[in-house]
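Trainee: Here is the model I would like to go through. Could we take the packing of a helix, then the charged pairs?

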Amino acid sequence: MLDDGKVEKVFAKYDQKKTGTVATKQLSTATRYPVYVLRDLRIVVTPEERRSMIEQADPTKKGVFDLQGLKHVVERKKRSINPEEELRNIFRIYDEGKR
């Protein structure tokens, strides 16, 4: 399970300029695969969930999110995880990568 230390470590990896923010594009791209920050946190999301996470982490639409914003969306995701559904998502994404 994710703890704050893991979230902080991953955030710091992407906050290379030490500005206290990370570009929302690091949380989402046009691809259908889990990417960047979410991938490093081992969080698998659908494109819809990704869009929702961006809206929550960056409510001002400045194109960046801070550590608190990331912790907020990670905590919400952790509370909503259905283990069986999560496993199906992982296999679906793995299977799509093979095509």
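**Helix packing and salt bridges**

Mentor: Glu-8 counts as partly exposed, at 35% relative accessibility (buried means under 20% relative accessible area, exposed over 50%, partly exposed in between; 1.4 Å probe, protein chains only). This is a predicted model: local features need pLDDT of at least 70, side-chain atom pairs count only at pLDDT 80 or more, and totals for chains, interfaces and linings use all residues. Residues are numbered from 1 along each chain as its sequence is written, and side-chain values use heavy atoms, with hydrogens and water left out.

Trainee: Which residues of helix H1 are buried?

Mentor: Helix H1 spans residues 4-14 (helices are DSSP runs of H or I, at least four residues; strands are E, at least two; numbered from the N terminus). Its buried residues are Val-7, Val-10, Phe-11 and Tyr-14.

Trainee: Why do they lie on the same side of H1?

Mentor: Take the directions from the helix axis to the C-beta atoms. The side is shared because the arc they cover around the axis is only 100°.

Trainee: How many salt bridges does the whole structure have?

Mentor: Each needs a side-chain nitrogen of Lys or Arg within 4 Å of a carboxyl oxygen of Asp or Glu. The search finds 5.

Trainee: With which residue does Lys-71 form a salt bridge?

Mentor: Lys-71 is buried, at 18% relative accessibility. The closest N and O atoms of the pair are 2.8 Å apart, and the partner is Glu-8.

Trainee: How many residues apart in sequence are the parts that Lys-71 and Glu-8 tie together?

Mentor: Lys-71 lies in helix H4. Glu-8 lies in helix H1, so the parts tied together are separated in sequence by 63 residues.
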